[in-house]
Amino acid sequence: MGVRRLCAVVLAALLAGCGPAAAADPPPPPPARHAPDHALPVAVRTFTVDPAGPRPLPVTLWYPSVGGRVAPGRFPVVLHSHGLHSLPELHAALAVRWAAAGFVVAAPTYPYTNRRAARFSRADVRNQPADGWRVIRHLVRLDARAGDPLAGHLDVGRFAATGHSAGGFTTAGMFTSGHPARLRSGVIIAGGGLAGAFAGPSAPLLFVHGTADPVVPLAVGRAGYRRAGGPKAFLSVLGQGHGEYLTPGRPGFEQVLATVTDFLRWTLYDDRDAGRRLRTDATRPGVTTLDDRLADAGP
């Protein structure tokens, strides 16, 4: 089966392409402070976006804390999308570690693709990029909401989108023509591109894929990588399947965690040392390899 047909088969099973409505961005706030030089304690919060609307979105939020309160400073935000039949809490191993490294991680529970959905529909993935943008807009408003514990702590000019499997396709669907510049980078794990994806403003992208993935074949991830413009990299997890490398203790976990964290620090904190360190962290003989088209300069 050719790559073009293979992409069509996988995408037909998961979703049809879509993108967010473009909106003018206000000037971003001042740049984020330097990334923390040590792991921070992490707290968790939940809330629902549009609870009375047709697509309510429960969101789990992990954030750096000190003494039971939000840690001082402004933190870039990572929007993380789960895959089919999954839930945000199943991604806690990554989310907690990213929050400890200096990010606020927001993970929505998508209404028709989560594990507990009463009316499960894989085709609803086509609507999830727009859901992701609703979460981003909610967080921008929350940062300005007087009295909210997170007010003034979200660097709302610096978002990244990450996602696994159908969540990776959701992430790709957010990088369409005219997407707001506040979305500065993306990580697509065991996913691929969508119709219209990667056509917007250039943004650094990191693809992560198991070379023996039986659900979303490696060729689909590689096809998305070829379509992406701008700075990009492809992390291959050798001999691994659809996501076991996202579990602590499994082969590839440490390399994936370190590489993605480096990438987020590079793109959201303008940490050039992290950008250079990424290449070393991503390469372990017999475990991971990296195809690298990243620039040395910050994004």
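## Histidine 209

Histidine 209 has a relative accessible area of 1%, and it is therefore classed as buried, the cut-off being under 20%. The model is a predicted one. In this model, histidine 209 belongs to strand S8, which covers residues 205–210.

A polar atom of the histidine 209 side chain lies 3.5 Å from the backbone oxygen of proline 217.

## The chain as a whole

The chain has 299 residues, of which 56% count as buried. Its secondary structure comprises 7 helices and 10 strands. The chain exposes about 12000 Å², and carbon and sulfur atoms supply 56% of that area.

How much of the contact pattern comes from residues 24 or more positions apart? Among contacts with a separation of 6 or more, such residues account for 69%.

## The nonpolar core

The largest nonpolar core contains 78 residues, and the members that touch the most other members are Leu139, Val208 and Leu264. Helix H6, residues 253–268, supplies the largest share of this core, with 8 residues.

Leucine 139 may be taken as an example. Not counting residues up to four places away in sequence, leucine 139 touches Phe47, Leu61, Val77, Ala106, Leu154, Val156 and Phe159.

## Histidine 91

Histidine 91 is placed in the loop between strand S4 (75–81) and helix H2 (92–100). Is this residue, histidine 91, buried or exposed? Its relative accessibility is 9%, so histidine 91 counts as buried.

The side chains of histidine 91 and histidine 80 are joined by a polar contact of 2.9 Å. Once neighbours within four places in sequence are left aside, histidine 91 is in contact with His80, His82, Gly83, Ser86 and His164.

## Salt bridges

The structure holds 15 salt bridges. In one of them, the side chains of aspartate 50 and arginine 134 meet at 2.6 Å, N to O. This pair links distant parts of the chain, its members being 84 residues apart. Aspartate 50 is in the loop between strand S1 (42–49) and strand S2 (57–66), while arginine 134 is in helix H3, residues 128–143. Aspartate 50 counts as partly exposed because its relative accessibility is 35%, whereas arginine 134 is buried, with a relative accessible area of 16%.

Arginine 134 also forms a salt bridge with aspartate 131, the closest N and O atoms being 2.8 Å apart. Aspartate 131 and arginine 134 both lie in helix H3, 3 residues apart, which is about one turn of the helix. Both aspartate 131 and arginine 134 are buried. A network of salt bridges links Asp50, Arg55, Asp124, Asp131 and Arg134.

A further salt bridge joins aspartate 143 and arginine 74, with 3.0 Å between the closest N and O atoms. This pair, too, links distant parts of the chain: aspartate 143 in helix H3 and arginine 74 in the loop between strand S3 (69–70) and S4 are 69 residues apart. Aspartate 143 has a relative accessible area of 10% and is buried. Arginine 74, at 27%, is partly exposed.

## Aspartate 281

Aspartate 281 is found in helix H7, which spans residues 272–281. Its relative accessible area is 25%, and aspartate 281 is therefore partly exposed.

Which residues does aspartate 281 touch, not counting those up to four places away in sequence? They are Gln255, Ala258, Thr259 and Asp262. The C-alpha atoms of aspartate 281 and valine 256 are separated by 8.4 Å, and these two residues are 25 residues apart along the chain.

Technical notes:
Residues numbered from 1 in each chain as written. Predicted model: local features only at pLDDT ≥ 70, side-chain atom pairs only at ≥ 80, totals over all residues. Heavy atoms only, no water. Helix = DSSP H or I, 4+ residues; strand = E, 2+ residues; numbered from the N terminus. Buried < 20%, exposed > 50% of the residue type's maximum accessible area, 1.4 Å probe, protein only. Polar contact = N/O pair within 3.5 Å; in protein donor to acceptor, adjacent residues only side chain to side chain. Contact = heavy atoms within 4.5 Å. Areas by Shrake-Rupley, 256 points an atom, 1.4 Å probe, with all protein chains shown as cover. Core = buried A, V, L, I, M, F, W, Y, C linked by side-chain atoms within 4.5 Å. Salt bridge = Lys/Arg side-chain N within 4 Å of Asp/Glu carboxyl O.
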